[in-house]
Amino acid sequence: MAKVTRRGFIMQSSASIATIGMLAALPTLSAAPEATEAAVAELPAVTNSVTELPAVAAPLSAPLIAHVSDLATGEISLLVGTQEITYRDSELVTRLLRAVH
Amino acid sequence: MSSHREAPEISKDPVADNTDVYAFVSPDRPDTVTLIANFIPLEAPDGGPNFYEFGEDVLYEIHIDHNGDGVAEITYQFRFQVQVRNPSTFLYNTGPITSLDSPNWNRRQFYSITRVDDQGHSTTLASGLACPPCNIGPLSTPNYAELAQMAVHKLASGETVFAGQRADGFYVDLGAVFDLLDLRPFQNLHVMPRHPAPGVNGLEDVNVHSIAIQVPKTLLTQGGYNPTNPHDPRSVIGVYASASRQKALIFDGRGDMVESGPFVQVSRLGEPLINEVIIPMGRKDYWNSQDPRDDRQFVEYYQHPEVASLLPALYPGVFPHLAAYNKPRADLVAILLTGIPSGIIPGFQNFTGKTQADLLRLNLAIPPAEKPNILGLLGGDLAGFPNGRRVFDDVVTVELRAIAGLTIPLVDPHFKPDAAASVVSDFSPPQIPPGVHYKQQFPYLGLPFSGFDVPSA
């Protein structure tokens, strides 16, 4: 009997995704447009080089989704499994903003 | 409808759309209470080849508050999983389905049930429980009643559960309600009068997906109290159901999706018709996201319900006393948000304290009625709505009459209700419309309509 479930499919897919790391950045664009534009104007140029990331301490068993929840404070929500971890990284948010403009 | 497609966002997400909640002392097992939460509104019985099923990515919950704080002390969680035998066929079944493990049944659904206590401790009560198939027709599901009965599971922990398709037991003249409240057969009294016509059940011949659980009363009450005294606060429980989805959803472009993050509530329901007709359009989605304990923020809509001002405007001269009444509707706040205290209705109370919360409040010490009245408390039947809600209760007429002013004297004895307030009804006289059917035993909602038979030739 073939057991095909969407949840099972997701879990299978996640194993391979986790090995390369998946970061789906979804900037919240609710901030005032002029404020965003001003912030972007002051951003340093983004190069095409890929920053070498340190090896992940432990592989993830589920997709990792990052949601930039507050552009002004650099607040990022990391969603993994059924957890949500919130932290601030203004530098990363700045780089992400540059990448989408 | 009761809560079918009642808010803009959830109307686009049927598998998470909680349509009705029922809570009543089981008539055939009065030491137990039956809780039912329905989802997936307006299922067309012939809606194949992908017949209806619960969402694998939805967290379904039934919550019980037994101390009046608007917060659940006990929650039953239900999670579903689909198993496909053969992904190479488009067919739901390749022959008659005569058992829940029939090799002819290609797409089956199973579920787990978990009980969570007020300390957050989770106990998985069972897993791998089979749902019945949808009612396809006489060739595919030849003995549907037997199949459905196979999907009634008795758990070692004391509960009995069922999850699957049933006939929708709710009834309402939907077309009339939403056509400027042109209630049949009272059209001749409407501001745009027309010839009277009998009421039409807008939910005729449609199915729904039900999660039903029958629980010994003492598993739900505070401290395991055995409810025998109707006036003991411990006899009253508050019930609501909810559906939640994970916070993030990404379509991967390959026909699948990725979900991640904690579950957030997208649908909830306690009392019928609240988000449907009490809460205004701009706050319906927000209401669905909120917990009952915070319902004080919505009290103005109960105090000044829009329908109470529409009735005198749409039926000129029919509701003069209601039109002149401009006090906040303390009667509706009591009935719908706190419960009815002792001393108002002889032998009855379902008061849960000052916390205003949308909960279906059930006094477990009130025994089932020998001759139930579908108008519940308004019909002198203490075991009926709004003391909990039975599957057959005419909640539309009860709430319509309450909003029309019939219950104002409970809190304001000087008010004289308009004559129409005790006559207005969804169907006239109040009745269960033809074709709506129920069962005498768990899960009490009737067998689903068959896809072969509905719509009929």
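Start at Gly339(B), which takes a positive phi of about 90° just after helix 8 of chain B. Helices here are DSSP runs of H or I with at least four residues, strands are runs of E with at least two, and both are numbered from the N terminus.

Before going further, the conventions. This is a predicted model, in which local features need pLDDT of at least 70 and side-chain atom pairs count only at pLDDT 80 or more, while totals for chains, interfaces and linings use all residues. Residues are numbered from 1 along each chain as its sequence is written, and chains are lettered from A and ligands numbered from 1 in the order in which they are written.

Back to helix 8 of chain B, residues 330-338: seven of its nine residues are buried, so the helix is mostly covered. Buried means 20 or more other C-beta atoms within 10 Å of the residue's own, exposed means 12 or fewer, and partly exposed is in between, with C-beta atoms placed from the backbone. Among the buried ones are Asp331(B), Leu332(B) and Thr338(B). The cover over them includes helix 3 (274-278), helix 5 (299-303) and helix 9 of chain B.

A nonpolar core is a set of buried Ala, Val, Leu, Ile, Met, Phe, Trp, Tyr and Cys residues joined through C-beta atoms within 7 Å. The largest has 112 residues, and those with the most contacts inside it are Val21(B), Ala23(B), Val33(B), Val239(B), Leu362(B) and Ala404(B). Helix 9 of chain B gives the largest share of this core, eight residues. Leaving out residues up to four places away in sequence, Val239(B) touches, among others, Val21(B), Ala23(B), Ile64(B), Gly270(B) and Leu362(B). Contact means C-beta atoms, placed from the backbone, within 7 Å.

What is the strand order of the open sheet of five strands in chain B? The order is 1-2-9-8-7, with antiparallel pairing; two strands pair if DSSP finds at least two bridges between them. Strand 1 (18-25) and strand 7 (153-154) of chain B stand at the edges with a single partner strand each, so one side of each has no neighbour in the sheet. Strand 8 (residues 160-167) and strand 9 (residues 207-216) of chain B are joined by eight bridges, and Gly164(B) has Ser210(B) as its bridge partner in strand 9.

For chain B as a whole, there are nine helices and 12 strands.

Now chain A. Its average pLDDT is 64, and 43% of its residues score at least 70; pLDDT is the predictor's confidence in each residue, from 0 to 100. Confidence is lowest in helix 1 (residues 6-20), at a mean of 35, and highest in strand 3 (residues 75-80), at 95. Residues 1-36 of chain A have pLDDT below 50, yet that stretch has 56 contacts in the model beyond near neighbours in sequence. Where pLDDT is low, the predicted coordinates should not be read in detail.

Finally, Ser69(A) sits in strand 2 (residues 64-70) of chain A. It is partly exposed because 17 other C-beta atoms lie within 10 Å.

Definitions and conventions:
Two residues are in contact if their C-beta atoms, placed from the backbone, lie within 7 Å.
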